[in-house]
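Hello,

Here is the structure I promised to pass on. Please open it and keep it beside this email while you read.

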Amino acid sequence: MTARGATALGEIILAQIDADGPMTLADYMALCLMHPKHGYYATRDPLGTAGDFTTAPEISQMFGELIGLSLAQAWLDQAAPAPFALAELGPGRGTLMADILRATRGVPGFHAAAQVHLVETSPTLRSVQAKTLEGYAPKWHTGVEALPDIPLLLAANEFFDALPIRQARRDGPAWRELMVSRDGPRLIPALSAPTLLPMLGHRLGDTADGDIVEFCDAGTRIAAHVGTQIARNGGAALIVDYGDWRSLGDTFQAMRAHAAADPYVGPGAADLTAHVDFEALALAVAPAQHTHLTAQGVFLERLGIAQRAQKLADALGGEARSAHVAAHRRLTHPAEMGTLFKVMGLYPKGAAPPPGLTG
Ligand code: SAH
């Protein structure tokens, strides 16, 4: 997108602040990321080395292969229901789903029973996904509510971090919420007057004055829907993202060209994200069960990434081999993505947790 596009969204946001007053961070993020004409995801393919950030499936095929094997084993463990929805939330370029499908070709009956469903709002990325997944007849949806009412095997990598969050700072029994306001032509962060926020009632016990807490209504709603569906129809979900068990502190950030950027400058031109509060998702998914939150590196090692990496390395030489070794390290090493990224699985009561995770 050009600077002119970003300015156009800036003008829209300024006008909305003039009309309605300062907006919540969630409203600001939703406009920056999803505005149909000027939003970050609506206007580009942000992934890969030429884009603003990269993701695990783009780093190595091993990531999607192991996710695929975990989901296929969960399907076998639940007596191989047919048909079932093989779904992904926020599929990016379609790489993860393509790797899942390739890795599960040899699982008898899996492909015949699978209907591929993609939840994606960006028209630009939908067309990339259509090319990557040619031949699999995927169906696209704008929300999880449209997924069919059948057993569900679902993957979501770096999806929940892209959903709009609100952020509040503790002030006695109340909270001052981070709002987006204006100072002349500039967008600026500003704190609201102290207000009671009933949805943060459970955080009054473990926070002190000045502590910052983030919450994501959209993520909670989506997790609740997926949990209900898995509890009712069977299946499993693997949610992979950066974050931790309980939100504490400011994790709102903007990324542009692989570097940190000012989230209030050039709205629509940078990727805006926040760490995922897995506890909030876990609380929302009942009556489905959730696994322990597990570091990505541990999850991939349990699924045999070392052996898979060795097998692929045997067929490679020179630069391709070093790139492959670096990719393996990047996915699993604690100093890279191995610890920051976490995996949480969802499964029905009475079923086994998806392989790689513990109940
Ligand atoms: N999972 C991919 C892409 C991650 S980027 C990967 O690992 O490479 C985030 C993805 O979520 C993009 O495809 C983006 O368009 C999509 N997305 C963001 N917010 C969304 C929303 N509210 N509903 C549906 N898709 C969304």
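First, a term: a residue is buried if its relative accessible area is under 20%, exposed if over 50%, and partly exposed in between (1.4 Å probe, protein chains only). F160 is buried, because its relative accessible area is 6%. F159 is buried too, with 13%.

Some ground rules. This is a predicted model, so local features need pLDDT of at least 70 and side-chain atom pairs pLDDT 80 or more, while totals for chains, interfaces and linings use all residues. Residues are numbered from 1 along each chain as its sequence is written, and side-chain values use heavy atoms, with hydrogens and water left out.

**Aromatic rings**

Rings of Phe, Tyr and Trp (its six-membered ring) pair if their centres lie within 6.5 Å; planes under 30 degrees apart are stacked, over 60 edge-to-face, and the rest tilted. That rule gives eight aromatic pairs. One of them joins F84 and F110: it is tilted, with 5.0 Å centre to centre and 45 degrees between the planes. F84 sits in strand β2 (residues 84–89) and F110 in helix α7 (residues 110–113), so the pair ties together parts 26 residues apart in sequence. Helices (H or I, at least four residues) and strands (E, at least two) are DSSP runs, numbered from the N terminus. Both F84 and F110 are buried. F159 and F160 form an edge-to-face pair, at 5.2 Å and 80 degrees. Y28, F252 and Y264 are linked into a cluster by ring pairs.

**The largest pocket**

A pocket is an open set of points on a 1 Å grid over the protein atoms alone, where a 1.4 Å probe fits, with protein on both sides within 12 Å along at least five of seven lines; lining residues have an atom within 4 Å of a point. The largest pocket holds about 640 Å³ of space. Its lining has 38 residues, and M34, G90, F159, A162 and L163 are the closest to its centre. Which helix gives the most to the lining? It is α2, with four residues.

**A polar contact**

T104 lies in the loop between α6 and α7. T104 is buried, with a relative accessible area of 0%. Its side chain makes a polar contact with the side chain of H111, at 3.1 Å. Such a contact is a pair of N or O atoms within 3.5 Å; within protein, one must be able to donate a hydrogen and the other to accept it, and residues adjacent in sequence count only if both atoms are side-chain atoms.

Best wishes

How values were computed: Grid points are joined across faces, edges and corners, and a volume is the space filled by probe spheres set on the points.
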